[in-house]
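Visitor: I would like to learn how to read a protein model. Please take me through some features, one at a time.

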Amino acid sequence: MATKINTLKQKYPPTSILLASTLQKEGISRDSIQDYVNSGWLVPLAKGIYRFSDGHPTLFSALSACQYQKGMNCHVGAATALELHGFTHFVTMGKPSAILFLARDCKLSKWLPETEWDMNLVQCTTSVLPDIGLIEIITGETRLQVSTPERAIMECLLLSPKQYGLMDIYYLMEMLTALRPSLVEGLLRGCTSVKVKRLFIYMADKARHAWFRRLNLEGIYMGTGPRSLEKGGVPIAKYKLIIPKELADYE
């Protein structure tokens, strides 16, 4: 029994969440799983969900199990992804939040949002952006599917102003000096939100990024009529936006 669990611990990090289906694929039967629980090697978190008894799983390790063991169509995005890529602006008071984007046909099992983690989980279900701009990264010992910076900043705009303020997003935009024009174009062409497209292009233009001048924006549908993001805000005629005065005046 100890030999199998030691082999398992060599393959999976100590912070791992392990699904019963994964354990069975590793040659551990249902009866053996219960034996490991009774012996104190594994701890059940919910039906069919386990952790190592000496491990302390994080929200990211739980999300990794959903992505790679269960095959769920979800990814970590917005400012959470930008922070994982090394771009940070927000000063968190208390427990940080992790933004998880799910496909419309994807639903988390109850155990995950109902478990106490090291981060607060914020779920977003949307199909506004095309299925590009995702990448695998390693954080600690955990594999995660996350948004690239190009996609993540657009996700921040999608969640504005409820989740993020426009000034905070602009501070992040200023840091993004090396975005890839081809990926930006692909995301903009497939994006169905006029708000996201106009704000992204306005902010990139305002930040005077070199990559912005290399974009081919011809044929990207920008909608008609103004879009107001602030009651009594400042109109930006070029992009048909009404934005907070703080952002319009910022140099």
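Visitor: In what sense do β5 and β6 pair, and over how many bridges?

Guide: Strands of a sheet pair through backbone hydrogen bonds, either parallel or antiparallel. In this predicted model, β5 and β6 are joined by six bridges and pair in the parallel sense. Within this pair, Leu100 stands opposite Gln123 in β6.

Visitor: In what sense does strand β4 pair with β5?

Guide: Strand β4, residues 74-76, pairs with β5 in the antiparallel sense, over three bridges.

Visitor: How many residues of strand β5 are buried?

Guide: Here a residue is buried if its relative accessible area is under 20%. Strand β5 covers residues 97-102, and five of these six residues are buried, so the strand is largely enclosed by the rest of the structure. For the chain as a whole, buried residues make up 48% of the 251 residues.

Visitor: Which strands form the open sheet with β1, and in what order?

Guide: The order is β1-β3-β2, three strands with antiparallel pairing. At the edges are β1 (17-19) and β2 (42-46), each of which pairs on one side only. From one strand to the next, the twist averages 40 degrees.

Visitor: How many bridges join β2 to strand β3?

Guide: Four bridges do so, and β3 is made up of residues 49-52. As an example, Leu42 has Phe52 in β3 as its bridge partner.

Visitor: Next, the helices. At what angle do the axes of α7 and α10 cross?

Guide: Two packed helices are described by the angle between their axes and the distance between the axes. For helix α7 (residues 149-158) and helix α10 (residues 194-207), the axes come within 9 Å and cross at roughly 120 degrees. That angle makes α7 oblique to α10. The crossing in which α7 passes α10 is right-handed.

Visitor: Which residues of α7 and α10 meet?

Guide: From α7 come Ile153, Met154, Leu157 and Leu158; from α10 come Lys195, Val196, Leu199, Phe200 and Met203. By class, the residues in the contact of α7 with α10 are eight nonpolar, no polar and one charged.

Visitor: How do the axes of α7 and helix α9 cross?

Guide: Helix α9 consists of residues 181-190; its axis and that of α7 come within 9 Å and cross at roughly 40 degrees. The two helices are therefore oblique to each other, and their crossing is right-handed. In this contact, α7 supplies Glu150, Arg151 and Met154, while α9 supplies Leu183, Val184, Leu187 and Leu188. The contact of α7 with α9 has five nonpolar, no polar and two charged residues.

Visitor: How many helices and strands does the chain have?

Guide: The chain has 11 helices and 11 strands. Its C-alpha trace spans about 70 × 35 × 30 Å along the principal axes. Of the contacts in the chain between residues at least 6 apart in sequence, 67% join residues at least 24 apart.

Terms used
Residues are numbered from 1 along each chain as its sequence is written. This is a predicted model: local features need pLDDT of at least 70, side-chain atom pairs count only at pLDDT 80 or more; totals for chains, interfaces and linings use all residues. Side-chain values use heavy atoms; hydrogens and water are left out. Axes are lines fitted to C-alpha atoms, for helices over the stretch in contact, and angles run from 0 to 180 degrees between N-to-C directions. Angles under 35 degrees count as roughly parallel, over 145 as roughly antiparallel, 65 to 115 as roughly perpendicular and the rest as oblique. A crossing is left-handed if the near helix is turned anticlockwise from the far one by less than a right angle, and right-handed if clockwise. Contact means heavy atoms within 4.5 Å. Ala, Val, Leu, Ile, Met, Phe, Trp, Tyr, Cys and Pro count as nonpolar, Asp, Glu, Lys and Arg as charged, and the others, Gly among them, as polar. Two strands pair if DSSP finds at least two bridges between them. Buried means under 20% relative accessible area, exposed over 50%, partly exposed in between (1.4 Å probe, protein chains only).
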